[in-house]
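Q: Hey, can you walk me through a protein structure? I'd like to go bit by bit and ask things as they come up.

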Amino acid sequence: MAHIDSGESSGRKRNIELNLVPFIDLMSVLITFLLITAVWTQVSMIQIGSSLYGKKSDTQPTPTPPPNADVVLKVDVKEIGYVLTVGKQVISLPMVNEQFDEAGLVAQLQRVKQLYPEKVDAVVSVADAIPYEQLIKAMDNCLSAGFSAISVATGGPN
């Protein structure tokens, strides 16, 4: 405990004791909480591709487009199931027993990866009525098929 002596010269001394134990307890809990949450934020982070429309300065060189950039790979998550667009080809993967066809999507994505092995980018869009976790599943399926540069399109699927 801390001790403060007022030092008055009137002959009567005041002793004020500050109890610092609750403050130390609070700080130890806060430090523990910050350490634990810092680890969890690193684990739960997914690296996705940066936006094509980000800030651009004059000193930055113009980036070269990735191979097969003209072939668009888009995964639309709709109420009826997945709709995969590869260039001009549209592949519909309807829901099976009211569940999204995850295996079918991975198989189609792997087929696309075999056709375009250098292609790493994909666009995922989700309808507003679909739960957020379905977007995460679609992104995980893209990652497992080898498409690491994932962009999320806003405005829902077309």
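Predicted model: local features only at pLDDT ≥ 70, side-chain atom pairs only at ≥ 80, totals over all residues.

Q: Which residue does Asp 121 form a salt bridge with?
A: The partner is Lys 119, and the closest N and O atoms are 2.9 Å apart.

Q: And Lys 119, is that one buried or exposed?
A: Lys 119 is buried, with a relative accessible area of 1%.

Q: How many salt bridges does the structure hold?
A: Two. Besides the one with Asp 121, the side chains of Lys 74 and Asp 76 meet in a salt bridge at 3.7 Å, N to O. Lys 74 and Asp 76 are both buried. As a general point, side chains of opposite charge can pair when their charged atoms come close.

Q: OK, let me zoom out. How many helices and strands are there in the protein?
A: Three helices and seven strands. Starting at the N terminus, the elements go β-β-α-β-β-β-α-β-α-β.

Q: Which strands form the open sheet, and in what order?
A: Five strands do, in the order E5-E4-E3-E6-E7, and the pairing is mixed. At the edges sit E5 and strand E7 (149-153), each pairing on one side only. From one strand to the next, the twist averages 20 degrees.

Q: What packs on the sheet?
A: H3 does, touching E3, E4, E6 and E7. The direction of H3 makes about 165 degrees with that of E6.

Q: Back to the strands. In what sense do E3 and E4 pair, parallel or antiparallel?
A: Antiparallel, over six bridges. A hairpin joins E3 to E4 through two residues.

Q: Why is E3 said to be largely enclosed by the rest of the structure?
A: Because five of the six residues of E3 are buried.

Q: New topic: the largest nonpolar core. Which residues touch the most other members?
A: Leu 109 and Val 124 do, out of the 25 residues in that core. The elements that each supply at least two residues are strand E3 (73-78), strand E4 (81-86), strand E5 (89-94), helix H2 (102-115), strand E6 (121-126) and helix H3 (132-145). The largest share, five residues, comes from H3. In soluble globular proteins, nonpolar side chains tend to be buried together.

Q: What is Leu 109 in contact with, leaving aside its neighbours within four places in sequence?
A: Leu 73, Val 75, Leu 84, Asn 141, Cys 142, Ala 145 and Phe 147.

Q: Let's follow Leu 84, then. Where is it found?
A: Leu 84 is found in strand E4. Leu 84 is buried, with a relative accessible area of 0%. In E5, the bridge partner of Leu 84 is Ile 91, and E4 and E5 pair in the antiparallel sense over six bridges.

Q: What else is Leu 84 in contact with, beyond its neighbours within four places in sequence?
A: Among them are Leu 73, Val 75, Val 90, Leu 105, Gln 108 and Leu 109. Take Leu 105: Leu 84 and Leu 105 are 21 residues apart in sequence, and their C-alpha atoms are 8.0 Å apart.

Q: Now a loop residue. Ala 129: buried or exposed?
A: Ala 129 counts as exposed, since its relative accessibility is 61%. Ala 129 lies in the loop between E6 and H3.

Q: Last one: what share of the protein's residues count as buried?
A: 25% of the 158 residues count as buried. The accessible surface comes to about 11,500 Å², and 60% of that belongs to carbon and sulfur atoms. As for contacts with a separation of 6 or more, residues 24 or more positions apart account for 55% of them.

Notes:
Residues numbered from 1 in each chain as written. Heavy atoms only, no water. Core = buried A, V, L, I, M, F, W, Y, C linked by side-chain atoms within 4.5 Å. Buried < 20%, exposed > 50% of the residue type's maximum accessible area, 1.4 Å probe, protein only. Helix = DSSP H or I, 4+ residues; strand = E, 2+ residues; numbered from the N terminus. Contact = heavy atoms within 4.5 Å. Pairing = 2+ DSSP bridges. Axes fitted to C-alpha atoms, helices over the stretch in contact; angles between N-to-C directions. Salt bridge = Lys/Arg side-chain N within 4 Å of Asp/Glu carboxyl O. Areas by Shrake-Rupley, 256 points an atom, 1.4 Å probe, with all protein chains shown as cover.
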